[in-house]
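This report describes the architecture of the model shown below.

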Amino acid sequence: MPPRRPSPPMERQQVSITSILAGLRRAPRQIRRQSRDAVKAVVEQLFTTVAQSPVDSAAVSGISPQEYRIDDLARAAGTTTRNIRVYRDRGLLPAPARVGRLAIYNESHVARLRLITSMLDRGYNLAHLQEMLTAWEEGKDLGDILGIETALVGTWADERPRTVSRAEAEQLVDDPAARDRLVALGLIRVTGDSAVITRPKLIEAFDDIRQYGMGLDQQIDVYEKILPHIEEISRILVESGAHMVTARLESGGKQLDDAQIRELLTLLVKLRTYSVSSVRDTLAVSIESTIESMFSDLLAALVAPASTSDTA
């Protein structure tokens with residue numbers, strides 16, 4: 001008898017979501033009605049299940065697959081056009097669609113490029129990559145070894161809180177006054193001899209920037225200024241998609257089945273992905289423009305006195 005092939009990713013995702021929902025439905029009523037933490041944990045688990053699985057965008061009505069030219073693809077995947085051509089020539093990257101003379105890529109190419117980058121970072125060479133990707137496409141389960149699903153899409157939240165000892169937290173943020181401000185902002189939570197760093201990447205960024213002479217207090221000042229604007233942007237983006245969610249819920253009648261819930265979760269994950277991408281790209285362009293403008297003014301101010309003295 002031939003070996004049983006692993007279930008496709010979308011089938012595994014559906015089984016996982018069904019199992020999670022079944023566990024919630026079996027929970028005592030007092031847990032479902034009274035424990036926000038329990039429900040929050042289930043919701044996070046559901047979104048992570050969807051976010052970690054390759055998503056068939058075409059299966060979600062109302063959302064079209066993203067299309068990229070090669071330059072856009074390189075930016076989206078964090079690589080170079082030269083690398084893309086090398087991977088394509090070696091058969092590591094599927095051929096793009098052709099529209100006239102244009103090569104058009106999609107989200108599956110972004111996912112594959114992120115996977116390739118992740119595997120190269122782990123120390124694999126291109127020959128190993130070809131062998132492993134071929135095995136994975138043939139249905140062999142390499143996810144446990146390589147973390148393929150996480151490499152493809154990421155999790156619902158890319159940054160997870162980290163628990164450390166209180167002494168480690170004090171060493172990480174060695175300025176007591178700044179540390180108190182971070183605690184007040186909820187970026188660090190201290191309980192007895194332990195501490196939870198709720199935004200470890202942000203704290204690490206603070207420490208890195210401090211090496212260039214920008215103190216923690218100054219960085220926290222900046223964070224406090226931008227936080228309300230970030231929250232307002234998040235509210236606007238989420239509310240812009242709320243009508244789609246409401247429409248899906250209303251069309252589902254009294255109770256949604258597991259397939260409808262999976263589709264709704266997929267829609268929300270895609271909304272999050274597109275929102276983060278659009279804000280990130282817009283912010284990057286704006287920051288670059290502002291840097292160029294400010295640096296131009298700085299250079300003009302430095303050059304002007306020299307020019308004046310030369311003409312005197």
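Strand 2 and strand 3 (residues 102-106) run antiparallel and are joined by three bridges; two strands count as paired if DSSP finds at least two bridges between them. Within this pairing, valine 99 stands opposite leucine 102 of strand 3. The model is a predicted one, in which local features need pLDDT of at least 70 and side-chain atom pairs count only at pLDDT 80 or more, while totals for chains, interfaces and linings use all residues. Residues are numbered from 1 along each chain as its sequence is written, and side-chain values use heavy atoms, with hydrogens and water left out.

Helices (H or I, at least four residues) and strands (E, at least two) are DSSP runs numbered from the N terminus; the protein has 14 helices and six strands.

| Strand paired with strand 6 | Bridges | Sense | Residue and its bridge partner in strand 6 |
|---|---|---|---|
| Strand 5 (residues 188-191) | four bridges | antiparallel | arginine 189 and valine 196 |

Strand 5 and strand 6 form a hairpin with two residues between the strands, where glycine 192 takes a positive phi near 60 degrees.

Which residues hold the largest nonpolar core together through the most contacts with other members? Of its 19 residues, Leu73, Ile84, Tyr105, Leu113 and Leu133 touch the most other members. A nonpolar core is a set of buried Ala, Val, Leu, Ile, Met, Phe, Trp, Tyr and Cys residues joined through side-chain atoms within 4.5 Å. Two or more residues of this core come from each of helix 4 (70-77), helix 5 (81-89), strand 3, helix 6 and helix 7 (126-137). Leucine 73 touches Tyr68, Ile84, Tyr105, His109, Val110 and Leu113, not counting residues up to four places away in sequence; contact means heavy atoms within 4.5 Å. A second, separate core has 15 residues, among them Val164, Leu187, Leu202 and Tyr223.

Two glutamine residues can be described in more detail. Glutamine 66 lies in the loop between helix 3 (36-51) and strand 1. With a relative accessible area of 32%, glutamine 66 is partly exposed; buried means under 20% relative accessible area, exposed over 50%, and partly exposed in between (1.4 Å probe, protein chains only). Apart from neighbours within four places in sequence, glutamine 66 is in contact with Tyr105, Asn106, Glu107 and Tyr274. The C-alpha atoms of glutamine 66 and valine 110 are separated by 9.8 Å, although the two residues are 44 residues apart along the chain.

Glutamine 219 belongs to helix 13 (residues 216-251). Its relative accessible area is 5%, so glutamine 219 is buried. Beyond its neighbours within four places in sequence, glutamine 219 is in contact with Ala205, Phe206, Ile209, Arg210 and Met214.

For the protein as a whole, 28% of the 312 residues count as buried. Among contacts between residues at least 6 apart in sequence, 64% join residues at least 24 apart.

Confidence remains to be considered. The mean pLDDT of the protein is 75, and 68% of its residues reach 70 or more, where pLDDT is the predictor's confidence in each residue, from 0 to 100. Over residues 54-64 the pLDDT is below 50, and this stretch has 24 contacts in the model beyond near neighbours in sequence. Residues 142-154 also stay under 50 in pLDDT, with 33 contacts in the model beyond four places in sequence. Where pLDDT is low, the predicted coordinates should not be read in detail.
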